[in-house]
Amino acid sequence: MAIDRIGSNPVSFRGFYADAKGSFNLAAEFVGKPELERKFMQNIFKPLSETKLYDVIIHGGTPAITTKDGRNIMSVLLPGSSADHTIGLVWDNALSSRVSLRRNSAVIPTSNFANDGYLLHIIEAAKNIVIDREAMVSKGAVEAYSSIATETVEQKAARFENIFNYNG
């Protein structure tokens, strides 16, 4: 976590940023809803804090996706839809046009915030796009998906037991 002077620079938690208006809009979503805030931290903030190539920045009520070096590549206009198999409608800065993005990796997009307000739903769409893009270029992801695809039922059960173990 990097905190600069309050009032002139954004507070950074790595991977997710918000300007003053975006912070206010986000805070308004969580007033009186501590469980929703916890859900946001777990399902949006935590995955974005581990990204290596892209960040999500909230400008007012619009999430933008930027590279780690600060280049704005797209703004998310609408969340995706399982009906049309998209993960989001974006304004692509390189193409100067609206583009409907489809999933390009084995990562399944989440929809944890579909019923929790438009701002949270569209931020989740931005997170899904970032995770999808990072998975496409990750050599580790390709290796992980290859090994998962060839697991026997015993190997898969042992892996699940290790991941989902509630005893310990």
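**Close-up views of a predicted model**

**Figure 1. Glutamate 50 is partly exposed, with a relative accessibility of 45%.** The model shown in this and the following views is predicted. The partner of glutamate 50 in a salt bridge is lysine 46, and their closest N and O atoms lie 3.1 Å apart. Lysine 46 also counts as partly exposed, at 44% relative accessibility. The salt bridges of the protein number six.

**Figure 2. Glu151, Lys156 and Arg159 take part in salt bridges.** Glutamate 151 pairs with lysine 156, the closest N and O atoms being 3.1 Å apart. The side chain of glutamate 151 also meets that of arginine 159, with an N to O distance of 2.7 Å. Through shared partners, these salt bridges join Glu151, Lys156 and Arg159 into one network. Lysine 156 counts as partly exposed because its relative accessibility is 25%, and arginine 159 is partly exposed at 24%.

**Figure 3. Helix α1 and helix α3 are in contact.** Helix α1 spans residues 20-30 and helix α3 residues 118-137. Their axes come within 9 Å and cross at roughly 115°. From α1, the residues Asn25, Leu26, Glu29 and Phe30 meet Leu119, Leu120 and Ile123 of α3. By class, five of the residues in this contact are nonpolar, one is polar and one is charged.

**Figure 4. Isoleucine 58 is a buried residue of strand β2.** Its relative accessibility is 1%, which lies under the 20% limit, so isoleucine 58 counts as buried. Beyond its neighbours within four places in sequence, isoleucine 58 is in contact with Phe16, Tyr17, Ala18, Asp19, Gly22, Pro63 and Ile123. Isoleucine 123 is 65 residues away from isoleucine 58 along the chain, yet the C-alpha atoms of the two are separated by 8.0 Å.

**Figure 5. Leu53, Met136 and Val137 form a nonpolar patch on the surface.** Together these residues have about 260 Å² of accessible area. Leucine 53 belongs to the loop between α2 (34-49) and β2 (54-59). With a relative accessibility of 38%, leucine 53 counts as partly exposed.

**Figure 6. The protein as a whole has five helices and six strands.** From the N terminus on, the order of the elements is β-α-α-β-β-β-β-β-α-α-α. The protein has 168 residues, of which 34% count as buried. Its accessible surface comes to about 10300 Å², and 57% of this belongs to carbon and sulfur atoms. Among contacts with a separation of 6 or more, 50% involve residues 24 or more positions apart.

Notes
Residues numbered from 1 in each chain as written. Predicted model: local features only at pLDDT ≥ 70, side-chain atom pairs only at ≥ 80, totals over all residues. Heavy atoms only, no water. Axes fitted to C-alpha atoms, helices over the stretch in contact; angles between N-to-C directions. Helix = DSSP H or I, 4+ residues; strand = E, 2+ residues; numbered from the N terminus. Contact = heavy atoms within 4.5 Å. Nonpolar A, V, L, I, M, F, W, Y, C, P; charged D, E, K, R; others polar. Buried < 20%, exposed > 50% of the residue type's maximum accessible area, 1.4 Å probe, protein only. Areas by Shrake-Rupley, 256 points an atom, 1.4 Å probe, with all protein chains shown as cover. Patch = residues over 30% accessible without salt bridge, like charges linked within 9 Å, V, L, I, M, F, W, Y side chains within 5 Å. Salt bridge = Lys/Arg side-chain N within 4 Å of Asp/Glu carboxyl O.
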